[in-house]
Amino acid sequence: MATAAAMPDMGDAFLRRAQGWGVEGALAPRDVVLPPPLGRAAQDTDDAVLEALRACGGRDRELMLAAVMHNGATLEMACEELRGDYWVVLAAVSNDGDALRFAAPSLRDDCTIVKQAVSLSGGALRYAGEQPRHDREVVVAAVSQSAAAFDFAAPEMRGERDVIRVALRRRACALQDASEEIREDRAFISEALQINTGALAFAAESLLHDAAFLKEMMAASGGQSRDLVLAAVKYDGTLLQFATEELRADRMFILQCAAQNGETLEHASWALRGDREVVLAAVSQHGLALRHASPELREQVELVAAAVAQDPLALQHSGQGPRHDKAVVLAAVALDGAALPYAADLVQVDHEVGLACLAHGSKNLRILPPGLSHSGAFLAEALRASGGQDRELVMAAVLQDPAAIEFAAPEFQNERFVMFAALTSDGMMLRHGGPDVRRDREVVLAAVKLRGRALQFADEELRRDRELALVAVLQDETSLECCAEELRNDAHFLAQAVTQSGGESRFLVWAAVHVKGQILQLASQELRAEPAFVLAAVGEDGDALRHTSIVLRGDRDVVLAAVSNAGSALQHAEPALRRDAGVVRAAVAQDGLALFFADQELRRDRETALIALASNGGAADFIGSLWEAPGFLEDAMQANGGRDRKLLLAVVRKDGLLLRLAVPDMRADNEVVLAAIMQCGMALQYASEELRADRGVVAVAVAQAGLALQFAPEMLRHDFDLALAAVQQDGMALEFVESELRSSRPTSDDPSGGDGGGDGGGDGGGPRPEGPAARREVALAAVRSNGLALRFVWEALHHDHEVVLAAVRQNGSVLELAAEELLDDATFLEAAVGLSGGEDREAVLYAVQRRGAALRFASAVARGDREVVVAAVANDPMALRYASDELRDDKEVVLAAIRRAAPKQRGDVFVLASERLRQDVDLVVESIS
């Protein structure tokens, strides 16, 4: 450290001022003792000086020295050089210790300057460098001036006992800045208390909680030191007992003690323990101090309320009045449920109080009075209020009231053990179960054993479990509604349920017979004999009639209800009712097949049969001779609407033309149409357009009725085989054959086959004719079938001997349709007449009208036919020679022949008359005239 002699020359002015302070320039810096700073007013720097400092930028050393001597803070205006000037800074801190903050770092690390600064302002230690903070003398100087300076000393200073002693003289709290070793040192703490009794409060916690030490300190002071007692009782209120009687009776002192530690009330004077303000201070700090208050004060509600607000268990020390006060008790248990047992019995059972107690958790369940702990409603309310998160509370609640499970948290509702507890008395609590327990078969089984309808809350898979479902319905028959639909419609399951229930359950039997009437047989005798029940049952399933009593099977109302539901139930009715037209008609209206079970007389009843057929065409099998009744078939079709396929088949097999009454769908039914056209080919006209274009269908139709060809489309009327088949069945079908015929059969060189099959007629093989040959073959077939078909033969074929002769052979009357050239041909006529052995009167008549001589080919019968012979001789009188003997003996016939003959022929004709007539004068005259 530099001495004053080594310092730069300070100038005469500074020396003079320095001498005025009593400072000798030769003294070392640590020996420099400057006077205390001047008063604030004296330190105020003249404005002129400040202005000058600003003007020189704080560089004028002499001016700066003068300024800091009056106001150390003006060092802030100094330039960097002067802030590092030892004497300038020393002068500044000698006036204002806090000016140290403006000194250069090197000088803030100078112990002499720092010591001078902290001697004026202990807090200036905060601006010191590291070295002064470690300097014991500097730190002592700082804490001597301000104990707060201890905060800025180096850490090791906290272990310097001398420093701590100095600091304690300034303030007791300096001890808290000491090292832990010092604060735990009993001897030093004892010494510290002699310096400052308030230091006890800052001793180590281990000492403050050491009753023996505190007692020792109290004893050492004789219990007379207010500060020591006050500090001691803060940590141990019982130490007040070692204070003097005077202090324990000092109201203001006891108020201070009670505010720090309410336990001190125990050792306060009796008078003060009855002082409301003192007791209030004590219980506000320590609620349990209420036990030391006078009995009168322990009855005061406000005082007790303050005590329980600090410690709810203070309620145990209150008088009876506050224990009956719901507000006080509620405040206590709201803070700690354990306070509940100290309340009056009447208040303990209050729901609101109980809920406040349980708000602290299920641990308080055990302290609840029985009136609450055994109350399901209360526990359920508590569970709801708590959010259902406490498992113990959940269990307690559901054991008392299973419905409380509703308020449990989802994780408990889904817990198997909890759900079993809820199900102990009410299976319906399954409704509150989580997904897992609803899928747990054992849980669901336990539920439905108690309440069958709990099944509705089970998982869908378990609702299909037959065993579970059976347990449920046996427990509660109505739980059948909760079973899966497949079980509700399972006759076997229902039968099992009815059987195991003894057949006594109306509900089960009702549901069962609705699915299958036969289950009624499993019902009890009483149910099966009860008219109202049976009437309702057969109304749901008529077949149940078979399992009713004999008496009820003869009851018209019951049977009528049964057959109205299931016509076949008629078979189970008594014979008298099967003869009842009303009952039978009701049955067949429901099911036409029930006609089978009707009395024979009613099966022949037209009205009953029509009702049956309208319901089910299958009844056609049971109507017997009614088919033959006039108009019955048509009535049956109209009654049924032509919709029933079976009836339609039966009808058209008897009268194919009734296909006209069928609905369009049936007219397009291949089997129905085939049945109709096989009975009557003309029914083809009523077939659908698609089937009328079906070659196979048309082939069947024309095979039965050739004229059905007219209803085939033009395309098929060109078909050679179909045309041939049609005319073979009815030659008149030729009218509908198209002129251009094509074969649908394969030719000899076409192995692929055609689309005609084998149903079109013909010889079944070989090449088919086409063009004129096809037409000629079809025409021949037609006229062979019906000679009248010659009128529809193509014109060219009217000149064809074979075709015309074939027609005449079949019907001689068609001879007139032959071409003129044929009719003028004697040979043709002879052939035409001779085809039938001359027996075809029409042919012979037409032939002799064209050529009388044709009579020669006529049969004896024809030659004996007056009209034929007259026609022959009218054409050729000489034809009389071929007449029968009887007609040649007929005067009128012979006379007609003679008169028709030419004069030269009359004699020849006369000769042909009979012997008798040749003797007749009139004839002789006529022949020669």
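Visitor: What should I know about the model before I start to read it?

Guide: The model is predicted, so local features need pLDDT of at least 70 and side-chain atom pairs count only at pLDDT 80 or more, while totals for chains, interfaces and linings use all residues. Residues are numbered from 1 along each chain as its sequence is written, and side-chain values use heavy atoms, with hydrogens and water left out.

Visitor: How many helices and strands does the protein have?

Guide: Helices (H or I, at least four residues) and strands (E, at least two) are DSSP runs, numbered from the N terminus. Here the protein has 63 helices and zero strands.

Visitor: How do I read two packed helices, and at what angle do H53 and H54 cross?

Guide: Two packed helices are described by the angle between their axes and the distance between the axes. The axes are lines fitted to C-alpha atoms, for helices over the stretch in contact, and the angles run from 0 to 180 degrees between N-to-C directions. Helix H53 (residues 771-785) and helix H54 (residues 801-810) cross at roughly 15°, and their axes come within 7 Å. Angles under 35 degrees count as roughly parallel, over 145 as roughly antiparallel, 65 to 115 as roughly perpendicular and the rest as oblique, and H53 and H54 are therefore roughly parallel to each other.

Visitor: Which residues of H53 and H54 meet?

Guide: Contact means heavy atoms within 4.5 Å. From H53 come Arg776, Leu780, Val783, Arg784 and Ser785, which meet Glu802, Val803, Ala806, Ala807 and Gln810 in H54. For the classes, Ala, Val, Leu, Ile, Met, Phe, Trp, Tyr, Cys and Pro count as nonpolar, Asp, Glu, Lys and Arg as charged, and the others, Gly among them, as polar. The contact of H53 with H54 has five nonpolar, two polar and three charged residues.

Visitor: Is the crossing of H6 and H8 left-handed or right-handed?

Guide: A crossing is left-handed if the near helix is turned anticlockwise from the far one by less than a right angle, and right-handed if clockwise. The axes of helix H6 (residues 86-95) and helix H8 (residues 111-120) come within 8 Å and cross at roughly 15°, which makes H6 roughly parallel to H8. The crossing of H6 and H8 is left-handed, whereas H53 passes H54 in a right-handed crossing. Among the residues in the contact of H6 with H8 are Tyr86 and Leu90 of H6 and Ile113 and Leu120 of H8. By class, this contact has seven nonpolar, four polar and no charged residues.

Visitor: What share of the protein is buried, and which residues have the most contacts inside the largest nonpolar core?

Guide: Buried means under 20% relative accessible area, exposed over 50%, partly exposed in between (1.4 Å probe, protein chains only). Buried residues make up 50% of the 929 residues in the protein. A nonpolar core is a set of buried Ala, Val, Leu, Ile, Met, Phe, Trp, Tyr and Cys residues joined through side-chain atoms within 4.5 Å. The largest has 140 residues, and Leu455 and Phe493 have the most contacts inside it. Leaving aside neighbours within four places in sequence, Phe493 is in contact with residues including Arg466, Leu470 and Cys483. A second, separate core of 95 residues includes Met666, Ala675, Ile677 and Val778.

Visitor: Where is Arg653, and what is in contact with Arg653?

Guide: Arg653 lies in helix H46 (residues 645-654). Leaving aside neighbours within four places in sequence, Arg653 is in contact with Glu671, Ala675 and Gln679.
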